Amino acid sequence: MNLAYRDIRHKLGRFLLTCVGLGLLLGVVLAMIGIYRGLVVDALTIARAPAVDLWVVEANTRGPFAEASRISGDLREAVARIAGVTAAGSITYQTVEAEHQGGKLRLYVIGYELTRPGGPPEIAEGRDIARSHYEMAADRSSGLTLGERIRIGRRTFTVVGLTRNQVNSGGDPAVYITLADAQKLQFELAPPAARVQLARGTSSSSLNTVNAVVARLHPNASPDATAATIRRWKHLAAITQDDQELILSRSLVDRARRQIGLFTSLLLVVSAVIIALIIYTMTMEKLKQIATLKLIGAPDRTIIGMIVQQAMALGLIGFAIGATLIIGIKDYFPRRVVLEPDNVAVLGVIVFVVCLLSSGLGVRAALRVDPATALGG
Amino acid sequence: MAEQESDTPLVRLDGISKHFGEGETRVDALRDVSLEVFPRQVVALLGPSGSGKTTLLNIIGCILDPSAGAMELDGELVLHEGQWQRSDLRRLRLEKIGFIFQFHNLLPFLDATDNVAVVLQLAGADSGTARRRAGDLLDDLEIGHRKYAMPAKLSGGEAQRVAIARALANSPRIILADEPTAALDSKRAGIVMDLLRNLAVERDAAIIAVTHDEKIFDRFDRIFHLRDGRLADA
């Protein structure tokens, strides 16, 4: 006779309600873990999108994401000729706000050369940019649809392709346009400003400016050695892909990452305390019954088994509810929630351990119950 | 009223004493209590509050350590010079003693049958045998028609009958009852006491009950009074 199961069945509604409450709490913990992971993944997405080995940026900067970087677009040819480099492409990054469906839409505009590294990693729907001007591949999270036209700066672009999960570290959806369009958007002065500059006798700055040149290397080439070669040109800095990812994860989103990480840890501690309290309270409510069981001769293992099994059932069902809930709704969050199986498994193990430790408190209380308390009123 | 006594007592207490605290705070709950209860006897322990009735019942039930004395249960010396002679007192209770409580103390998450069967299963019976025997016991106590009822659905008298069935499940020869009729009206109290008397005879058992219930005094073979920890045969 399984006493734990019988007791649960006797108060099934209350037990399930407790499980749902615990499940919601664990769901929040899972969501926070997912948001934490999503933040890091989002931060790395744009840097990983061009699938390159080296980032050439302005000297003494850690651009183009952590710091501003402006270099001449001509440098792409110079980088492409370095030994070990198989392909190089100029690239620009810029955040803009556009009017869309009566509201403001923040977009992370990436300008790239159509036949060179720097473009979208994949087109989920539609096609890649084929024309030199005014075409755009946008991320689905922007809400833009194929064929839609949107005005950015002084020009109107047509959405010809849709990408997936391409957002910057702030969560703004990325849109890809040609480098020429991006340079005009970023560096071309508006006609009145240009006229003022002309009147002052100041030449307007060159449009052929980019934020970085990205390079793919031959498999046998060393990114560090190639970066060292480029750094010898004093006006440039070179960052390997690994270093770029480190900058993004440790520097750009570091505070946000730590903030969410700390909050997640606090939530875990709160969850552990709540689980412990629930299990302890469940046991305390049964002290008279436990005393009766002891009095009629039940061995300690029967009583321990009852408490531990109930704690495990509570943790397991609560965790299953929480995990199912978050996996079901994670795609509706405004920012990406990334839940890998290992995240879920680790939280599962934590819940298991917490339940086991919490049941220890209950077991301790149960074992200290004097069977004589079953006698009398 | 008393049945023919056999020569060997089922409960024999010899010089049992129990004190709480030491020095100025010392309280002597029991002083040199000796008692013999024979098979088929139904014995009452009376006394005012704090006289030591429950303390004595707890010692006979092996749930409280006495300070001194010796005790034999069903012919086995279980206490000598204030020291338990067995380490597995819970097993001893399971095998030799049945308990009946003032408020029946049925496990609320088990139905009537399982409340009885759980004792049998704790003693090693398999589930089927335990449930079958529990059903038979409930039938014997004329409560078989309520065998699937949960304790919350049983009346006070019905619940007490199930509790008696549970106390009898492992066929103990010593039954300790703590105010077994306190929660019942006079009619039901009389029925329960008659039932216990019949069981004592049928099963060759001894029943020791702590009670204040004057309306059932005539159902006891012997009545002992406890005053200031001392036992007197009334």
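Tutor: This is a predicted model, in which local features need pLDDT of at least 70 and side-chain atom pairs count only at pLDDT 80 or more, while totals for chains, interfaces and linings use all residues. Residues are numbered from 1 along each chain as written, chains are lettered from A, and side-chain values use heavy atoms, without hydrogens and water.

Student: In what order do the five strands of the open sheet in chain B run?

Tutor: Strands here are DSSP runs of E, at least two residues, and helices are runs of H or I, at least four residues, numbered from the N terminus. Two strands pair if DSSP finds at least two bridges between them. The pairing in this sheet of chain B is antiparallel, and the order is β2-β1-β4-β5-β6.

Student: Which are its edge strands?

Tutor: An edge strand pairs on one side only. In chain B these are β2 (27–37) and β6 (83–84).

Student: What angle does helix α1 of chain B make with β1(B)?

Tutor: Helix α1 (residues 53–60) of chain B packs on the sheet and touches β1, β2, β4 and β6 of chain B, contact being heavy atoms within 4.5 Å. Axes are lines fitted to C-alpha atoms, for helices over the stretch in contact, and angles run from 0 to 180 degrees between N-to-C directions. The angle with β1(B) is about 125°.

Student: Which residue in β4(B) is the bridge partner of Val11(B)?

Tutor: Strand β1 (residues 11–20) of chain B and strand β4 (residues 68–73) of chain B run antiparallel, joined by five bridges. The partner of Val11(B) is Leu73(B).
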